Amino acid sequence: MASLIGIGLFVVMTEAQIPFPGLRTAFQPRMVILAMLSATYGPIVGTLVGIFGHALGDALYYGAIWWSWALPEAVVGIGIGSFAHRFQVLDGGFRGKNLLIFNIAQLVANAIAWLDLAPFLDIIFYGEDRAKIFRAQGPLAFMSNASIIAIAGTILLYIFSRWTGGSKLLRPDEWT
């Protein structure tokens, strides 16, 4: 259920972006949705939201899927989601050390996705210019995604964690 809601929100947020002139990348608030759902529900939800949210958003808004960016978004979801149990979002414990661990995890996941994987896949899949991808587009995507998650993602996860505070209302393991 969280995956479907997340994919839908991710797709809707595809057009909410601030493009960087001269590069085919943008400051994308939808990454906050990916980070929040990954941090709350784990790597499977993060992977599904990242890859299918990106793919559907590309298909609906641009007419073609840019796989070299959809796959890295799944990596961000996996990277953040792999530590979801440590963040204690649904238990009301997302603060202090857990907040720090979240930001370290998201920085590492974003670095792998945008500084390594996306540029490599852009070159392999689409024959993109190596210098442009590794010197400009990849680092800009990393900085913009990591910063929006660090700021907006951290604030929203903190508020959400305080709101749920151990409530069983949002626990996916009890939805059946």
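Both Glu 73 and Arg 30 are buried, where buried means under 20% relative accessible area, exposed means over 50%, and partly exposed means in between (1.4 Å probe, protein chains only). Their side chains meet in a salt bridge at 3.6 Å, N to O. A salt bridge here is a side-chain nitrogen of Lys or Arg within 4 Å of a carboxyl oxygen of Asp or Glu. By this rule the count comes to one salt bridge. Glu 73 lies in helix α4 (residues 67-81) and Arg 30 in helix α2 (residues 30-41), so the pair ties together parts that are 43 residues apart in sequence.

The model is predicted: local features need pLDDT of at least 70, side-chain atom pairs count only at pLDDT 80 or more, and totals for chains, interfaces and linings use all residues. Residues are numbered from 1 along each chain as its sequence is written, and side-chain values use heavy atoms, with hydrogens and water left out.

**Overall layout**

The protein has seven helices and two strands. Helices (H or I, at least four residues) and strands (E, at least two) are DSSP runs, numbered from the N terminus. Along the sequence the pattern is α-β-β-α-α-α-α-α-α. The protein has 176 residues, of which 49% count as buried. A contact means heavy atoms within 4.5 Å. Among contacts with a separation of 6 or more, 72% come from residues 24 or more positions apart.

**Helix α6**

Helix α6 covers residues 96-126. Its 31 residues, at 1.5 Å a residue, should span 45 Å, and the end C-alpha atoms are 42 Å apart, which agrees. The expected span is 1.5 Å times one less than the number of residues. A kink of about 35 degrees lies at Leu 117, shortly before the proline Pro 119; the bend is the angle between axes fitted to the seven residues ending at a residue and the seven starting there. Just after α6, Gly 127 takes a positive phi of about 65 degrees.

Asn 110 also belongs to α6. This residue is buried, with a relative accessible area of 0%. Leaving aside neighbours within four places in sequence, the contacts of Asn 110 include Met 31, Val 76, Phe 142 and Asn 145.

**Aromatic pairs**

The structure holds six aromatic pairs. Rings of Phe, Tyr and Trp (its six-membered ring) pair if their centres lie within 6.5 Å; planes under 30 degrees apart count as stacked, over 60 as edge-to-face and the rest as tilted. Two of the pairs are listed below.

| Pair | Centre to centre | Angle between planes | Type |
|---|---|---|---|
| Trp 69 and Trp 114 | 4.9 Å | 45 degrees | tilted |
| Phe 125 and Tyr 126 | 6.0 Å | 90 degrees | edge-to-face |

Trp 69 lies in helix α4 and Trp 114 in helix α6, so their pair ties together parts that are 45 residues apart in sequence. Both Trp 69 and Trp 114 are buried. By contrast, Phe 125 is partly exposed at 42% relative accessible area, and Tyr 126 is partly exposed at 31%. Trp 66, Phe 125 and Tyr 126 form one aromatic cluster.

**The nonpolar core**

A nonpolar core is a set of buried Ala, Val, Leu, Ile, Met, Phe, Trp, Tyr and Cys residues joined through side-chain atoms within 4.5 Å. The largest one has 35 residues, and those with the most contacts inside it are Met 31, Phe 87, Phe 102 and Trp 114. Helices α1 (2-12), α2, α3 (43-62), α4, α6 and α7 (130-164) each supply at least two residues of this core. Helix α2 gives the most, with nine residues. Apart from neighbours within four places in sequence, Phe 87 is in contact with residues including Ala 39, Ile 80, Phe 94 and Phe 102.

**Two further sites**

Gln 28 sits in the loop between β2 (26-27) and α2. At 11% relative accessibility, Gln 28 counts as buried. Gln 28 and Ala 141 are 113 residues apart in sequence and 9.0 Å apart in space, C-alpha to C-alpha. Beyond four places in sequence, Gln 28 is in contact with Ala 16, Gln 17, Glu 73, Asn 145 and Ile 148.

Ala 84 is found in helix α5 (residues 84-87). This alanine is buried, with a relative accessible area of 13%. The C-alpha atoms of Ala 84 and Ser 38 are separated by 6.9 Å, although the two residues are 46 apart along the chain. Not counting residues up to four places away in sequence, Ala 84 touches Ser 38, Ala 39 and Gly 42.
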